[in-house]
Amino acid sequence: MDKPGSASWTGDLWGGLAAMLVALPSAIAFGVTIFSPLGAGNVAHGALAGIIGATVLGLVAPALGGTDRLITAPCAPAAAVLVAVAIDLARQGVGAEAGMLLLMLIGLLAGLIQIVLGLVGVGRLIKYIPYSVVCGYLSGVGLTIIGGQLPRVLGVPREMGFWQALTTPSAWHWQSIVVGTVVVATMALVPRVIRVVPAAIIAMLAGVAAYLLLGLADPALWTAAGNPLLIGPLGVAAGGLPDALLHNLQALGDFDPARLPLILLPALTLAALLSIDTLKTCVVLDALTSTHHDPDRELLAQGLGNAGSALLGGIPGAGQMGASMVNLASGAQTRRSGTFEGVFALAALLVLAPLVAWIPIAALGGILLLVGYRMIDQHSLEFFQSRTTRFDFFVIVAVIVTALTVSLIAASGVGIVLAVGLYLREQARSSILHRKIEGGEQFSKVVRHDQELSILLRNGRKTVIVELQGSLFFGTAHQLYLALEPEIGPRTYVVLSMRRVQFLDLTATHVLEQIKDRLERVGAYLIFTDIPRGLPSGLKMKRYLRDVGLLRESGRALAFRQLDQALEWIERQLLVAEAFPGDNEGPPLELAELEQLLGWKPGTLGNLADLLEPRHFPAGSRVFTAGMPGGDLVFIRRGTLRVEMPIAKKDVWHIGTFGRGDFIGEMGFLDSARRSSDALAVTDTDCFILSRARFDAAGSPDAADIFEGLARVLAMRLRFTNKELRALRS
């Protein structure tokens with residue numbers, strides 16, 4: 001009987017073996033590609049570097065990372081960046097020994113940068129690199145690989161570039177062309193027939209077999225040493241790895257710091273690309289297996305793996321999509337499968353090193369030709385057909401062209417700059433104006449009488465509520481000015497609701513200051529409301545507005561926490577301007593005055609004088625609390641009461657503020673249900689309390705007048721609520 005967990009061990013074992021069979025041929029090919037520009041004698045060294053990279057990355061990254069089924073090995077982006085550096089070093093006349101040291105330092109520094117990125121938490125940000133940039137870059141890498149490997153398949157001397165190789169047929173080796181053609185055809189056709197063994201393994205074996213068969217016609221092909229068509233004997237045996245490590249450490253001690261600028265930018269580019277490649281693979285694995293990876297931990301593990309690989313003379317790598325998918329399909333379940341891949345790569349280094357010498361360079365070139373072709377995102381061609389994605393298509397093309405004509409390093413910068421431009425263009429085209437609401441269409445939650453409402457309606461044109469949205473920055477600053485400039489002159493109060501604003505910069509702030517100054521000159525106010533406590537960027541907007549001087553004490557620029565508070569302040573200014581008495585001015589109202597303000601029939605309350613109980617509520621006290629039995633109708637003779645509905649914890653919803661000559665508690669009076677809200681005395685308040693129990697017991701013949709008066713006030717409040725809802729909906 002199997003022990004618990006044995007199935008996962010078995011799946012991890014077979015998954016690791018299958019992944020090694022996929023990753024190792026590519027790793028050898030990448031190593032040869034990177035080191036061959038430094039001289040013909042470095043081809044074998046490059047093959048060994050690829051095997052060492054696959055081994056070290058396979059042993060270190062899974063042990064420290066946390067992503068199940070992820071296979072880390074040398075990859076195409078690493079090869080593309082490093083081969084560009086190697087070609088540039090060869091052009092500058094840098095020797096092979098110094099060139100290999102610089103390549104090792106680039107891999108080491110890229111690993112250290114990945115470690116720093118993981119420690120500071122950048123892993124969560126790298127996934128926001130625009131898709132168009134990644135797509136263009138990968139396509140550029142694919143075309144670069146094709147351009148670099150086609151001369152290898154043609155068998156031309158290594159110093160020949162792409163165009164020179166194509167235009168010099170006399171330098172072609174027909175044996176290399178045959179081997180390359182066999183490998184490409186095998187890579188393309190085998191997956192349709194055989195799925196158990198990776199196509200790259202079968203293609204490489206087919207290339208070796210084709211080469212050996214060609215040796216029947218030309219026995220010189222059967223010589224490994226000094227043969228330009230073969231990898232040749234590896235420069236360092238497996239047992240010599242400790243000596244290689246000591247040699248690398250000694251070389252590090254002799255490094256000239258003046259050469260640091262030569263490796264810094266390539267290392268930064270390499271670190272970013274390897275991180276993106278890894279995290280992209282992790283996201284795909286998460287989606288397929290319903291798991292969740294830790295991006296920062298994975299970056300830390302990848303950085304340690306790349307640093308260790310560089311110190312041992314290996315090439316850097318990342319989480320490989322193809323090998324990881326094979327690992328998953330083979331039954332792997334945990335990150336142990338990645339470790340098994342490294343163990344099998346080490347076994348291949350120890351056992352199969354002599355056989356690697358007989359691998360034709362054209363066979364590796366053929367494998368990479370198909371790898372490069374598959375990296376080109378042909379789906380992106382469809383982006384040109386739609387106007388909405390055409391600019392993205394041009395970003396992809398610009399990245400590809402830059403990669404092919406300048407360098408892959410410059411292509412990444414061009415792509416990010418263009419993507420930022422695309423984002424700014426979209427932000428500038430989006431409207432920052434959510435809507436404008438006339439002052440006569442929305443009121444505060446202070447309940448008003450007919451006289452007050454008529455004053456507010458008559459002066460409604462003096463107020464406008466401008467609801468802003470989106471990003472207020474230099475790209476939308478002119479749009480902001482055009483939205484507010486027409487309100488200067490006709491309005492006395494310009495209210496800016498900032499609730500939907502997600503970003504604010506200094507340019508937009510300067511526009512707001514210009515608007516404020518022009519409003520001040522005509523005696524008007526600029527009022528900010530619903531200022532977010534913190535923007536997505538972390539900016540404290542109210543503090544920022546105060547720091548830049550927009551909210552300094554000028555008397556004409558004000559800020560309120562909520563729109564309702566701003567409207568309440570504006571209404572108070574309008575009523576004072578009309579010499580309308582405030583809530584606390586004058587003595588407490590008598591019954592007849594209450595009837596007049598409420599618009600009720602004379603005597604409606606006077607006939608109930610014996611049932612009304614005078615009561616005083618000090619400021620800050622509670623008139624009633626949510627949950628207590630209802631039944632009391634509260635008439636306000638003087639003062640102000642605020643009604644709030646508890647929502648959660650300390651949060652409340654402001655239902656309304658009621659003042660002199662109004663009443664609250666009508667719902668509880670009508671149905672005697674428990675209170676759904678709290679009522680608090682904002683100021684010292686005098687009231688008349690009408691108990692429903694006493695009212696029913698008295699059997700008043702004026703009950704119809706009371707209920708008619710309640711219905712009229714409720715209908716008036718409902719009409720204004722409907723008016724506000726229509727304004728909000730429009």
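User: In the predicted model, how many nonpolar, polar and charged residues are in the lining of the largest cavity?
Analyst: This is a predicted model. The lining includes F443, L456, N459 and E571. Glu counts as charged, and Gly is among the polar residues. By class, the lining has five nonpolar, five polar and one charged residues.

User: How many cavities of 30 Å³ or more does the structure hold, and how much space lies in the largest?
Analyst: The structure has three cavities of 30 Å³ or more. For the largest cavity, the space is about 100 Å³.

User: Which helix gives the most to the lining of the largest cavity?
Analyst: Among the lining residues are L567, I570, E571 and L574. The top contributor spans residues 563-577 and gives four residues. That helix is α23.

User: Is N459 buried or exposed?
Analyst: N459 sits in the loop between α19 and β5. Buried means under 20% relative accessible area. N459 has 7% relative accessibility, so N459 counts as buried.

User: Which residues does N459 touch, not counting residues up to four places away in sequence?
Analyst: N459 is one of the residues lining the largest cavity. L574 is also in that lining. With sequence positions up to four places away left out, N459 touches L574 and E578.

User: Where around α19 do the buried residues E452, L453, I455 and L456 lie?
Analyst: Helix α19 runs over residues 450-458, and these four residues are buried there. They cover an arc of only 160° around the axis, which puts them on the same side of α19.

User: Which residues have the most contacts inside the largest nonpolar core?
Analyst: In soluble globular proteins, nonpolar side chains tend to be buried together. Here the largest nonpolar core has 88 residues. Its largest share, 11 residues, comes from helix α4 (residues 96-120). The residues with the most contacts inside the core are I28, F35, L103, M187 and L270.

User: What does M187 touch, not counting residues up to four places away in sequence?
Analyst: M187 is one of the residues with the most contacts inside the largest core. Leaving out residues up to four places away in sequence, M187 touches A199, A200, A203, I367, L370 and R374.

User: What share of the residues of the protein chain count as buried?
Analyst: The chain has 27 helices and 16 strands. Among contacts between residues at least 6 apart in sequence, 81% join residues at least 24 apart. Of the 730 residues, the buried share is 51%.

Note on methods:
Residues numbered from 1 in each chain as written. Predicted model: local features only at pLDDT ≥ 70, side-chain atom pairs only at ≥ 80, totals over all residues. Heavy atoms only, no water. Buried < 20%, exposed > 50% of the residue type's maximum accessible area, 1.4 Å probe, protein only. Helix = DSSP H or I, 4+ residues; strand = E, 2+ residues; numbered from the N terminus. Arc of directions from axis to C-beta. 1 Å grid on protein atoms, 1.4 Å probe; cavity = no way out; pocket = protein on both sides within 12 Å on 5 of 7 lines; lining within 4 Å. Points joined across faces, edges and corners; volume = space filled by probe spheres on them. Core = buried A, V, L, I, M, F, W, Y, C linked by side-chain atoms within 4.5 Å. Contact = heavy atoms within 4.5 Å.
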